Structures are given as C-alpha cells and as structure tokens.
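The sequence and structure are shown first.

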Amino acid sequence: MSVRTPDPDWNPGDEPVVRPPVNPGWLSDLELAEVRGRLPLLYVEAVPVRVDGLGQVTEVGVLLRANAVGEMTRTLVSGRVMYGETIRDALFRHLEKDLGPMAFPLLPASPVPFTVAEYFPLPGITPFTDERQHAVSLAFVVPVTGTCEPRQDALEVTWMTPAEAVGETVTSEMEGGRGVLVKQALASVGALR
C-alpha cells in the first residue's frame with residue numbers, strides 16, 4: 001500500500017513498477033549517461049593535507065593525472081556518492097581509491113564540508129565546470145598521516161606548500177576550476193597568509 005500523497009491528476013495505474021536493481025549501489029554506463037542528462041549528481045571532494053603538531057597545514061597533496069584526451073592535469077580526490085552510502089563512507093572510499101590504503105586519512109569528527117561546489121557543463125555560472133554533467137560536491141580538508149601511493153587513474157601525488165598550491169602555475173593546471181577550491185580549502189583552515 002502506497003503512503004505517498006497523490007498528485008491531483010494521479011490514478012493508481014500511474015505507479016511505476018519497482019524492480020530490484022542488479023547492483024543497487026551503482027549505475028551502468030548507459031544509466032549514468034541518462035541520469036547525468038537529467039539530474040545533478042552528488043560528489044565528495046577532499047583536499048589532502050599534512051599538518052604539524054599544532055594542526056596547521058604544512059603541505060597540500062595534489063593529484064597528477066592524464067585526462068580523457070591525454071593531457072596532464074592536476075586534480076583533487078573526488079568521486080560520486082553511491083546510493084545508500086554515507087558521506088563519511090564515500091569520502092573514505094575515494095581517499096583510499098586515490099591515495100592508497102596506507103594514506104591513513106583522519107576524517108573530520110563532524111562531516112561538515114568547508115564548501116559546497118556546484119559544477120555545471122557550461123562555464124561562467126560558477127567557477128567550477130564539468131562538461132559531462134551538473135554536479136554538487138561536498139568539499140573537505142582531510143589530513144593524511146601515512147604513505148600515499150596513488151591508484152586508479154592518478155599518476156602521482158605531489159606534496160607542496162600552501163603557497164605553491166595556490167600559485168598561478170598550479171591553479172592553471174587544475175581541471176574544472178579546482179584551483180579555486182584549493183584556495184577556499186586553505187582559507188577555511190587559516191593556511192593562507
């Protein structure tokens with residue numbers, strides 16, 4: 001029995017047939033393309049940092065990778081949140097996926113992002129672009145204490161000072177406007193002087 005409030009023009013024959021998904025947490029490539037064309041997708045992003053004994057950021061980790069057309073770009077830890085997955089679990093999964101299992105990230109006690117970034121396929125709406133889709137990303141600064149061995153499509157993790165990370169050379173290499181995100185991240189933890 002449905003407990004939803006019916007729309008004014010609703011009739012019982014309008015109810016969709018619900019079939020259990022083959023893989024309840026993920027979408028096929030075709031399903032993903034269909035969803036990307038209709039709905040914003042939820043992502044998490046992490047700016048990995050190293051901190052000193054006082055908790056002040058000393059280094060920022062930026063990923064180097066080759067994009068779809070073979071260009072070398074810089075990016076951050078990032079990925080979609082799966083259906084039924086908590087933000088904390090998605091953040092941990094993507095940190096491990098991009099930095100390796102020995103990175104030992106220290107997830108925040110309260111999973112509150114330093115910002116929410118909106119990515120649009122058309123440039124100019126926000127500083128962030130993603131030609132594939134409209135995406136909403138919860139962005140976090142996450143200290144890591146272990147050894148980072150990039151996996152998946154990341155070629156290396158480059159550790160740099162906060163000043164280097166927000167320098168024009170590095171921010172111009174960041175894809176989708178993520179240089180702005182790095183600046184916001186470092187400003188949120190008082191690492192920009």
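**Briefing on the predicted model**

Proline 127 lies in the loop between β5 and β6, where strands (E, at least two residues) and helices (H or I, at least four) are DSSP runs numbered from the N terminus. This is a predicted model, in which local features need pLDDT of at least 70 and side-chain atom pairs count only at pLDDT 80 or more, while totals for chains, interfaces and linings use all residues. Residues are numbered from 1 along each chain as its sequence is written, and side-chain values use heavy atoms, with hydrogens and water left out.

**Proline 127**
- With 48% relative accessibility, proline 127 is partly exposed (buried means under 20% relative accessible area, exposed over 50%, partly exposed in between; 1.4 Å probe, protein chains only).
- Not counting residues up to four places away in sequence, proline 127 touches Gly176, Gly177 and Val180, contact meaning heavy atoms within 4.5 Å.
- Its C-alpha atom is separated by 8.8 Å from that of alanine 117, ten residues apart along the chain.

**Helix α5**
- Helix α5 spans residues 178-188, and its buried residues are Arg178, Gly179, Leu181, Val182, Ala185 and Leu186.
- Viewed down the axis of α5, these buried residues fall within an arc of 155 degrees, so they line one face of the helix; the arc is that of the directions from the helix axis to the C-beta atoms.
- Arginine 178, in α5, has a relative accessible area of 11%.
- Beyond its neighbours within four places in sequence, arginine 178 contacts Glu45, Thr75, Leu76, Ser78 and Tyr119.
- Glycine 190 follows α5 and has a positive phi, near 70 degrees.

**Nonpolar cores**
- The largest nonpolar core has 25 residues, and those with the most contacts inside it are Val60, Leu181, Val182 and Leu186 (a core is a set of buried Ala, Val, Leu, Ile, Met, Phe, Trp, Tyr and Cys residues joined through side-chain atoms within 4.5 Å).
- At least two residues of this core come from each of β1 (41-51), β2 (57-66), β5 (115-119), β6 (135-143) and α5.
- A second, separate core of 17 residues includes Val44, Ala90, Cys148 and Val157.

**Largest pocket**
- The largest pocket has a volume of about 730 Å³, the space filled by probe spheres set on grid points joined across faces, edges and corners.
- A pocket is an open set of points on a 1 Å grid over the protein atoms alone where a 1.4 Å probe fits, with protein on both sides within 12 Å along at least five of seven lines; lining residues have an atom within 4 Å of a point.
- Of the 31 residues lining the largest pocket, Arg65, Arg132, Asp153, Glu175 and Arg178 are the closest to its centre.
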